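Trainee: I have a structure to study and a list of questions. Can we go through them one by one?

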Amino acid sequence: MNFQVKIAEESFAARAARVAEIAAKHADTVDAEGRFPREAVNAMKAERLLGIQVPRHLGGEGATTTEIAELCSILGQACAASAMVFAMHHIKLSSLVEHGTESEWHAGFMQRLAAEQLLIASATTEGGIGGNLRNSICAIEVSGGICRLEKDATVISYGSHADAILITSRSNPEAASSDQVLTAFTKDQYTIERTHVWNTLGMRGTCSDGFLFKGEAPAVQILPKPFAEIAAQSMLASSHLLWSGVWYGIAVDAVSRAQSFVRAAARKSPGAPPPGALRLAEVSNLLQMVKSNVVAGLKAYEDAKADPDKLSSMGFAVAMNNVKIASSETILEIVNHVMLICGIMGYKNGTPFSVGRHLRDAHSAQLMISNDRILGNTSSMLLVHKQDTSLLG
């Protein structure tokens, strides 16, 4: 039995647990230095986790969004930056899996990705449009079977370390800003010049610098479906759900530290309720709420996948937006509770109960994509759509 076959026969969770063990050893250094979590990503490649979403007939393992979200949670408990890199890679891969299997080039690229464990980055933001990924200023130009694109990408997470970039643009120079396409460029087909440095409060290891992107490739690398369909039918849901998996992992590890702290206090004063015990019960309740929210969202997405109309509906978009809003807001409440439970030992760095990194990473959740922008979109949809309130889904 060769090594790759042996790896593939193990459960996804077992393989992710080994990656998490490596990620945890370097998490504080990755955060402190704001550097790419290369050890964890190398371990993901060694465990062949970057290609698990690719369909089996293309050399992958056909992993579902639910299975990948679980791995995001496992990795999030060790190193949020490593988990976010993993999540963002699979968010972009979902666009290929859901919308590129009928395209010969994209099917071949997925085969290569699974075989070589390529890491995909995303370039959907742009100078001049803020965080509105559904609008582009730059336009792709096609001539003689070749496409060319230049984009001022204000953020390309781990762009310097990616093997390929999926990038949005207007479909042609005369197209409206919302008439977009998504194009795959491999590393040998583009150059990137750093324009902004990622020096942030948290999620420092994602290395989300800004770049001036210049690419040239065969035009067949443009995905055949409009980006509007790709965003509505796969990217929206996979982003909110996989990010939520990462945030849940951060919260799980923080609550675990709080539980250890309260247990240690209980051992020192047997017979007396330890300080923080009631808050621990409260935070356990909040953690379960996040879990229930994410699980319900994953089920809704898996159930809707067979119906493109449902995936593109306002009701589905509202449901996915609500998953993201609830997860991103509750995780901050959870980590804040944990800080109060652990006190100065949670506030200090370098203790078994430190949650400063967790708190700083958690603050990113409300900004990816901005909750205010999401709430604005949801409020507009609710003006014309009645929300589904049935407990049967």
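Trainee: Which residues are linked with Glu33 in a network of salt bridges?

Mentor: Keep in mind that this is a predicted model. Start with Arg35, which forms a salt bridge with Glu33, their closest N and O atoms being 3.5 Å apart. Arg38 forms a salt bridge with Glu39, with 4.0 Å between the closest N and O atoms. The residues linked with Glu33 in the network are Arg35, Arg38 and Glu39.

Trainee: How many salt bridges does the model have?

Mentor: Side chains of opposite charge can pair when their charged atoms come close. The cut-off here is a nitrogen of Lys or Arg within 4 Å of a carboxyl oxygen of Asp or Glu. By this rule the count is 15.

Trainee: How far apart in sequence are the parts tied together by Asp31 and Arg360?

Mentor: Asp31 and Arg360 form a salt bridge, and their closest N and O atoms are 2.6 Å apart. Asp31 is in helix H2 and Arg360 is in helix H12, so the pair ties together parts separated in sequence by 329 residues.

Trainee: Which helix gives the most to the lining of the largest cavity?

Mentor: The lining residues include Ala27, Val30, Asp31, Arg357 and Asp361. Helix H2 (12-33) and helix H12 (356-362) each supply at least two lining residues. With three residues, the one that gives the most is H2.

Trainee: How many charged residues are in that lining of the largest cavity?

Mentor: Sort the lining by class. Four residues are nonpolar and one is polar. The charged residues number four.

Trainee: Where does the largest share of the lining of the second largest cavity come from?

Mentor: Among its lining residues are Gly76, Ile250, Arg357, His358 and Asp361. By class, the lining has two nonpolar, three polar and two charged residues. The largest share is three residues, and they come from H12.

Trainee: Last topic, helix H6. How far apart are its end C-alpha atoms?

Mentor: H6 covers residues 104-116, which makes 13 residues. At 1.5 Å a residue, H6 should span 18 Å. The end C-alpha atoms agree with that, at 18 Å.

Trainee: Within what arc do the buried residues of H6 fall?

Mentor: The buried residues are His106, Ala107, Phe109, Met110, Leu113 and Ala114. Seen down the axis of H6, they line one face of the helix, because they fall within an arc of 160°.

Technical notes. Residues numbered from 1 in each chain as written. Predicted model: local features only at pLDDT ≥ 70, side-chain atom pairs only at ≥ 80, totals over all residues. Heavy atoms only, no water. 1 Å grid on protein atoms, 1.4 Å probe; cavity = no way out; pocket = protein on both sides within 12 Å on 5 of 7 lines; lining within 4 Å. Helix = DSSP H or I, 4+ residues; strand = E, 2+ residues; numbered from the N terminus. Nonpolar A, V, L, I, M, F, W, Y, C, P; charged D, E, K, R; others polar. Salt bridge = Lys/Arg side-chain N within 4 Å of Asp/Glu carboxyl O. Expected span 1.5 Å × (residues − 1). Buried < 20%, exposed > 50% of the residue type's maximum accessible area, 1.4 Å probe, protein only. Arc of directions from axis to C-beta.
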